[in-house]
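The sequence and structure are shown below.

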Amino acid sequence: MSDVDDTSAPSIDSARFRQVLGHFPTGVTIVTGLDGRDPVGLTCGAFFSISLDPPLVGFCADKGSKSWPRIQPSGAFCVNVLGQDQEDVSRVFATSGIDKFQGLGWKKGATGSPVLADVLAWIECRIDAEHDAGDHIIVVGRVMELHVGDEPEGPLLFYRGGYGRFEA
């Protein structure tokens, strides 16, 4: 329970909120899992590390997502970190109502969740907790397996409403 009085919170315009927070660059990930035998996935920019001991990560799923409710019952998911040349993959997984895995290489990971081909890194998790957060759900995952891909490229980034690359 918070000590903050929510009734005194200012009214924030959602367009302005997006504009200002869009100035914070994020990495682009695809969260994948299984619905029975069917692979399911969604594009996610709200992914973060939580704890080293135990190893925990988190991501935020929109409550309007059609994909997360299909993944959640499996109890597991995989976070696939996209490389700089995978903007097309991000766009496909951000689209509803299509076969997102058509023509895309993937394999089952240790948790059974899909590990996408040619990603920068992947983190396989068991669901540890879920927390209500406004119009999103914060999903906490206990890391079961993780790996860095073979391709030495930079990450795909999202900044001010568009995709970009990191120059070291």
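In which strand does Asn80 lie? Asn80 lies in strand E6.

## Basis of the description

The model is predicted, with local features requiring pLDDT of at least 70 and side-chain atom pairs pLDDT 80 or more, whereas totals for chains, interfaces and linings use all residues. Residues are numbered from 1 along each chain as its sequence is written, and side-chain values use heavy atoms, without hydrogens and water.

## Asn80 and its surroundings

Asn80 has 0% relative accessibility and therefore counts as buried (under 20% relative accessible area, with a 1.4 Å probe and protein chains only). The side chain of Asn80 reaches the backbone nitrogen of Leu116 at 2.9 Å, and a polar atom of this side chain lies 3.5 Å from the backbone oxygen of Cys78.

Residues that Asn80 touches (heavy atoms within 4.5 Å) include Val28, Thr29, Ile30 and Thr32, as well as Pro114, Val115, Leu116 and Trp122; residues up to four places away in sequence are not counted.

## Strand pairing

Strands here are DSSP runs of at least two residues, and helices (H or I) of at least four, numbered from the N terminus. Two strands pair if DSSP finds at least two bridges between them. Strand E6 (residues 76–81) runs antiparallel to strand E9 (residues 121–133), and six bridges join them. Asn80 stands opposite Trp122 in E9.

E9 also pairs with E10 in the antiparallel sense, over 12 bridges. Cys125 has Val143 in E10 as its bridge partner. E9 and E10 form a hairpin with two residues between them, and Gly134 in the turn has a positive phi of about 65°.

## Pockets

A pocket is an open set of points on a 1 Å grid over the protein atoms alone, with protein on both sides within 12 Å along at least five of seven lines; lining residues have an atom within 4 Å of a point. A volume is the space filled by probe spheres set on the points, which are joined across faces, edges and corners. The largest pocket has a volume of about 1500 Å³. Of its 43 lining residues, Arg18, Thr43, Cys44, Gly45 and His136 lie nearest its centre. E3 supplies the largest share of this lining, seven residues.

The second largest pocket has a volume of about 150 Å³. This pocket is lined by 12 residues, and those closest to its centre are Leu116, Ala117, Asp118, Val119 and Trp122. Strands E8 (114–116) and E10 (136–148) are the elements that give two or more residues to this lining.

Terms used: 1 Å grid on protein atoms, 1.4 Å probe; cavity = no way out; pocket = protein on both sides within 12 Å on 5 of 7 lines; lining within 4 Å. Buried < 20%, exposed > 50% of the residue type's maximum accessible area, 1.4 Å probe, protein only. Polar contact = N/O pair within 3.5 Å; in protein donor to acceptor, adjacent residues only side chain to side chain.
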